[in-house]
Amino acid sequence: MTASLLSALSGSRDPSAPEPGPVTFDEAAKQAGDAAGWVEQNWSTWLNTGLRIALILVVALVLRMLVRRALTKLIARMNRSAQAVEGTALGGLLVNAERRRQRSEAIGSVLRSVASFLILGTAGLMILGAFQIDLAPLLASAGVAGVAIGFGARNLVTDFLSGVFMIMEDQYGVGDSVDAGVASGEVIEVGLRVTKLRGDDGEIWYVRNGEIKRIGNLSQGWATATVDVTVRPTEDLDRVREVIGTVADELAKTEPWNEQLWGPVETLGLTEVLLDSMTVRVSAKTMPGKALPVEREVRWRIKRAFDAAGIRIVGGLPLPADDAPAADPAASVAPPSALASPTSPQSLAAAPLTPPPNLTK
């Protein structure tokens with residue numbers, strides 16, 4: 001028995017065993033009938049399982065297609081609403097249409113991927129169940145593996161979730177100037193895990209989204225340009241205000257400053273009064289990211305207008321007063337001394353006395 005089994009497994013025939021005889025027609029018919037009966041007996045089970053699997057696949061694919069199409073239409077509607085707002089007064093306070101389109105596409109991509117994973121994953125588990133496979137050990141193993149991966153990659157999960165919420169809430173986008181706490185600069189790429197910033201010196205900062213605790217976006221809404229002008233305390237404040245108002249009117253009518261200014265240039269008043277100076281503050285609301293150029297232009301124009309009006313700022317060359325007497329050129333020369341002449345009475349009085357002749361012997 002053992003020898004015959006080993007010979008059967010090795011694929012060689014035992015020489016001592018008798019050779020099999022020819023198969024008769026009755027035996028072949030019996031074997032074919034047994035096979036047909038086995039097929040007929042299990043045909044209903046196979047058909048039921050196949051139809052069930054096909055139905056699961058069809059429902060999963062149709063549901064996935066409907067969900068993706070619904071998400072695509074939602075993203076397209078968001079883009080159309082952004083284009084409708086663009087160009088209006090409200091559109092200036094919002095991000096531009098291209099940035100809205102990029103953000104909506106990123107959100108749509110994430111949602112489509114999550115929906116496809118959930119739908120196809122559920123369909124795969126249902127197909128395994130149709131094959132009478134026990135899913136309890138598989139689900140338990142997947143749960144344990146998920147917990148282990150969650151503990152080991154908690155920083156990765158934190159970065160991913162933070163990136164998703166940053167994109168959905170539109171905290172910043174490509175081209176914005178932001179202060180992320182750990183780094184600051186212009187955003188050149190926004191990812192689900194890492195945000196890339198280009199600093200003022202050209203360096204690129206790779207900041208993990210999970211490490212960002214606060215965000216200061218300098219490119220959203222509007223900015224404020226503030227200029228402090230320090231003049232002498234003897235200047236006429238009404239005249240200073242008038243000159244600054246003239247500069248503001250000219251700046252508001254000049255391109256491209258008329259587009260960058262979102263409000264009039266206002267003279268807020270005095271912020272500091274000292275014995276030798278006083279400070280006048282000028283402010284204006286500008287486009288986001290345009291505060292520094294507007295401040296430089298306002299300083300330039302105010303300095304030229306003050307020079308033309310004769311208003312001197314602190315630190316400039318002092319003007320001589322018209323009623324001041326001319327300086328005496330001999331004021332710094334010391335008077336002559338009487339001791340300079342040896343024949344003067346003062347010099348003779350200060351000369352040493354000559355001793356008597358008898359004291360010299």
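Predicted model: local features only at pLDDT ≥ 70, side-chain atom pairs only at ≥ 80, totals over all residues.
Residues are numbered from 1 along each chain as its sequence is written, and side-chain values use heavy atoms, leaving out hydrogens and water.

On the buried side of α6 sit Val240, Val243, Ile244, Val247, Ala248 and Leu251. They share one side of the helix because they cover an arc of only 140° around the axis, taken from the directions from the helix axis to the C-beta atoms. These buried residues pack against α7 (257-260), β7 (266-273), β8 and α8 (contact here is heavy atoms within 4.5 Å; helices are DSSP runs of H or I with at least four residues, strands runs of E with at least two). At the N-terminal end, Asp236 caps α6, with a side-chain oxygen 3.3 Å from the backbone nitrogen of Asp238.

Now for the largest nonpolar core, which has 26 residues (buried Ala, Val, Leu, Ile, Met, Phe, Trp, Tyr and Cys joined through side-chain atoms within 4.5 Å). Ile244, Val265, Ile302, Phe306 and Ile311 touch the most other members. At least two residues come from each of β6 (223-231), α6 (237-252), β8 (278-286) and α8 (291-309), and α8 gives the most, with seven.

Key:
Buried < 20%, exposed > 50% of the residue type's maximum accessible area, 1.4 Å probe, protein only. Polar contact = N/O pair within 3.5 Å; in protein donor to acceptor, adjacent residues only side chain to side chain.
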